[in-house]
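Subject: Structure handover and notes

Dear colleague,

I am passing on the structure below, together with my notes on what was found in it. Please read the notes with the structure open beside them.

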Amino acid sequence: MRSDQYERTGLPLLTVDALRAASLTLPDVESVSVPLSAAGGGKRHVPVPEKVPYYARGCRHAPSGEGVPAVLIEALPTVCKHCLPRLEVPQHVAALWNVAARIVSAHAELERMRSSTRARTWPGYAAALAAAPRNDDSAVAELLEAGSACTGDRARLAEAWSEISAAWDGFLRDYRRAAPAADLTAAVSAACEAAVADPAMQRQASMLSRIVADADGWGRRYPLAGLAIEAWKAARSRGDGARGSLDFALVAVGEHLGGKHVRDVSLLPRPARTPYLGDCSPGAWADREFDRLWRDTVAGWVGILETEYRAPEPERSDDHQLILVASWPLTRRGDRELAYLSQYDQIGPAVPAGRRRLIGDYGMQGWEPAWSVVLAVPAFAAAHAADLASVRHGQQSIPGPVLSPGSDGAAEHALRMLRTRYPYLPGDAEADGARARPTRTVIRARAERRPVHGNVIRLRPSTGHVADGSREQAWSWCEGRTAWIPDDTTGSAPAIAVLNDILDQIHRPSVLVEVETGPRPATTRHRLAGDLVGLDAARNEIRFAPLGGHAALRIPLRRVIAVTGHPDQHDEDSELDPGWLVADQT
């Protein structure tokens, strides 16, 4: 079957029990069947036609023939992982299947968060906001539109998506109320940032760890100073006074050092400050001396923090300032100090900002997409973000204009700020109009890349042009040696047919798309790096996923100048690549 009738992809796992737990009943989705090998004997496989050679089957255990029909929702857990991408499921069913899987996942995650007994903190809120279903509204809308053939299931899923999104909104609202005050959080964070700059604190913490050999299996000493600072920060953020914050820090450090004994008496300070009181051994006396030492040291650290701490003052104005947060969401360990910014209103869309390292408990675990957003924040939050950006790498925030309550123009300011992070915004093409055509700039740029007659000398070098969808030209294009150029006449089919033939042979190729950006008539040209997800011939647009694993953007062909393969873009071990450049740059 052709790719526009069937979706050949690895579907997410979905079970009847999971649907019922989310209060979903989907007759059409639950009854769809696919051809598989006979049940029994372990994993089930997708059969292949007799003519397919052994090396092209994708799975060495795939049988030949037509197979037997099996209900997909029951058989999916038993399908071989090599055969999962080869399951042929009707496109409208696959779309609704993905929506149902998102609803089930959001329902389970909401129940997990509601049952959590952990304190409500701003880093926790930032993580919850990043997992909220509202982030997938546009993707779910497209999937529901693709699944319109199943009207009953589509209506149930649309209602269920609205309900789970509303439930998440209520949960996030309650979370914000339970989290510490934002101005207090910023004041405490500023005090901690000033205190950790004291080198004596780190030397004292290292000495305490050496005395009791407080290190992990790799010989790394435990950050006692960091523990004391985090304890003081937590106590101050919840409203404790100076004495209460000191007591909480002492308890936190004491629980960590409990049961540890002095391993190196020579490291204890001289002269000793603890008198001999008939201790049963020198080790017992050393433990008492160390107990006094670490308590005095922690009290000194808290004293430094209290000296740097400035209680927040009431806001004198209702004005808000726009700031551009360059790496969103604020869920990384280094974003903890600014996580409280997640509560403020976002102005405009979130735009792709390349990728960033995904750090887990055991180091880097891959990459995740990064976004840039514009927030409207109070003055104290803007000042705090600017101070942190000046001293910390990777926490870039760019201040924007100050807005008075009820003032207009916030959206326009936000779009100008966002365009500095990613040049193409979905609103660019939406403002073109219903019958928009390629501009003269686009037509001229396309002409410069098409083949010319032999008696014409071109001042600028041109790239080879894809003339057909043959396998040779398809791979030449994929390797970046030739370019695909749309037709200048809207609705003309030759170039679209060529790209369709290429995409039938190469799945999700990595490309550079040269595109017209910005609102007309003041447009510019940029090259965007990412993956070509698909082509919608009915709408005359391509589906393009920016570099970093972002959701696909829809770019109308009237805005596209050329598409060239870029096979090496995912091999670069860098999170500094924004995924775009000006078209005249190399």
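This is a predicted model: local features need pLDDT of at least 70, side-chain atom pairs count only at pLDDT 80 or more; totals for chains, interfaces and linings use all residues.

Residues are numbered from 1 along each chain as its sequence is written, and side-chain values use heavy atoms, with hydrogens and water left out.

Confidence comes first. The pLDDT, which is the predictor's confidence in each residue on a scale from 0 to 100, averages 85 over the protein, and 89% of the residues score at least 70.

On the interior, a word on terms is needed. Buried means under 20% relative accessible area, exposed over 50% and partly exposed in between, with a 1.4 Å probe and protein chains only. A nonpolar core is a set of buried Ala, Val, Leu, Ile, Met, Phe, Trp, Tyr and Cys residues joined through side-chain atoms within 4.5 Å. The largest such core has 73 residues, and those with the most contacts inside it are Leu72, Leu157, Trp168 and Leu341. Helix H4 gives the most to this core, with 13 residues. Leaving aside residues up to four places away in sequence, Leu157 touches Leu24, Leu26, Leu96, Val99, Ala100, Ile103 and Leu144. Another core lies apart from it and has 40 residues, including Ala414, Met417, Cys478 and Leu557.

In helix H5 (residues 122–131), Trp122, Tyr125, Ala126 and Ala128 are the buried residues. Seen down the axis of H5, these fall within an arc of 165 degrees, so they line one face of the helix; the arc is that of the directions from the helix axis to the C-beta atoms. The buried residues of H5 pack against helix H4 (91–115), helix H7 (151–178) and helix H8 (182–195). In helix H16 (residues 440–449), the buried residues are Val442, Ala445, Arg446 and Arg449. They cover an arc of only 100 degrees around the axis, which puts them on the same side of H16.

The structure holds five aromatic pairs, where rings of Phe, Tyr and Trp (its six-membered ring) pair if their centres lie within 6.5 Å, and planes under 30 degrees apart count as stacked, over 60 as edge-to-face and the rest as tilted. The ring centres of Phe171 and Tyr175 are 5.9 Å apart and their planes stand at 85 degrees, so this pair is edge-to-face. Both Phe171 and Tyr175 are buried. The rings of Trp232 and Tyr309 are likewise edge-to-face, because their centres are 6.0 Å apart and their planes at 80 degrees. Trp232 lies in helix H10 (residues 224–237) and Tyr309 in the loop between helix H12 (282–308) and strand S5 (320–328), so the pair ties together parts that are 77 residues apart in sequence. Trp122, Tyr125, Trp168, Phe171 and Tyr175 form one aromatic cluster.

Charges also sit over rings, which is counted when NZ of Lys or CZ of Arg is within 6 Å of the ring centre and within 35 degrees of the ring normal. Arg238 lies over the face of Phe248 at 4.4 Å from the ring centre, and the charged end of Arg355 sits over the ring of Trp367, 4.3 Å from its centre.

Lastly, the backbone. The peptide bond from Trp328 to Pro329 is cis, with omega near 5 degrees, and Pro329 lies in the loop between S5 and strand S6 (346–360). Ala213, although not a glycine, has a positive phi of about 55 degrees.

With best regards

Notes. Helices (H or I, at least four residues) and strands (E, at least two) are DSSP runs, numbered from the N terminus. Contact means heavy atoms within 4.5 Å.
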